[in-house]
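Please open the model in your viewer and keep the sequence beside it, so that each selection can be followed in both places.

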Amino acid sequence: MAFQFTQNIFKSIEKVLGAHFQKDNDCYQMVLENADEGRKLTLEIYPDIPIGQRTGHLISVYTAASHLQLHFCSGYVVSEMLGEVTFIAECGGKVSGLIIENGAACSLYSNVDSNILSGDFTQLGPEVMLSGIALSLTEHLLPDDDANTSAE
């Protein structure tokens with residue numbers, strides 16, 4: 001596993017999301033609240049834990065109405081301009097992304113064909129376009145051979 005969570009990474013995530021992690025054993029946890037919009041979420045990061053027969057990074061998000069998980073997180077992008085952190089997992093030319101916003105909101109895009117991240121978004125249907133745009137800032141984290149290979 002090439003990507004590793006470091007203390008500097010946790011600090012950069014804290015800065016953008018405006019909250020601090022509490023460490024408890026293998027888990028780094030932060031709570032984000034947006035009282036104006038009535039939102040609250042808990043972000044948990046489990047670096048290098050057993051997931052089945054392998055070891056990887058697990059990202060969990062809990063809200064009042066949902067529980068989302070991203071297994072085998074392979075990278076992240078912090079966007080101060082957007083006030084969000086995008087965690088990704090890539091497998092075989094498909095990318096999944098879990099986006100956490102500093103306003104205590106989150107989005108999940110799963111099993112997205114990595115080829116659409118650099119394509120012409122105007123050629124995509126509106127139901128597909130949003131995932132391509134949202135995950136396009138992670139394209140530089142993907143393996144070149146998967147990101148640039150057209151579907152057979």
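Begin by selecting strand 8 and strand 9, which run antiparallel and are joined by seven bridges. Bear in mind throughout that this is a predicted model. Within this pair, pick out V95 and then look across to V112 in strand 9, which is its bridge partner. As background, the strands of a sheet pair through backbone hydrogen bonds, and the pairing may be either parallel or antiparallel.

In what order do its four strands lie? The order is 6-7-8-9, the sheet is open, and the pairing is antiparallel. Strand 6 (75–79) and strand 9 (105–113) form the edges, each of them pairing on one side only. If you look along the strands, neighbouring ones are turned by 15 degrees against each other on average, with direction ignored.

Next, show the side chains of F5, I13, L43, I45 and F87, which are the residues with the most contacts inside the largest nonpolar core, a group of 27 residues. Among the elements that each supply at least two residues to this core are helix 1 (7–17), strand 3 (39–51) and strand 7 (84–91). Helix 1 gives the most, with five residues. Another core, of six residues, lies apart from the largest one, and you can find it by selecting I99, Y109, V112 and I116, which are among its members.

Stay with helix 1 for a moment and select E14, which lies in it.

Finally, move to R39, which is found in strand 3. Is R39 buried or partly exposed? R39 counts as partly exposed because its relative accessibility is 28%, and this class covers values between the 20% limit for buried and the 50% limit for exposed. Once its neighbours within four places in sequence are set aside, R39 is in contact with L32, E33, N34, G103, A104 and A105. To end the tour, select A64 as well: the C-alpha atoms of R39 and A64 are separated by 8.3 Å, although the two residues are 25 residues apart along the chain.

Technical notes: Residues numbered from 1 in each chain as written. Predicted model: local features only at pLDDT ≥ 70, side-chain atom pairs only at ≥ 80, totals over all residues. Heavy atoms only, no water. Core = buried A, V, L, I, M, F, W, Y, C linked by side-chain atoms within 4.5 Å. Buried < 20%, exposed > 50% of the residue type's maximum accessible area, 1.4 Å probe, protein only. Pairing = 2+ DSSP bridges. Axes fitted to C-alpha atoms, helices over the stretch in contact; angles between N-to-C directions. Contact = heavy atoms within 4.5 Å.
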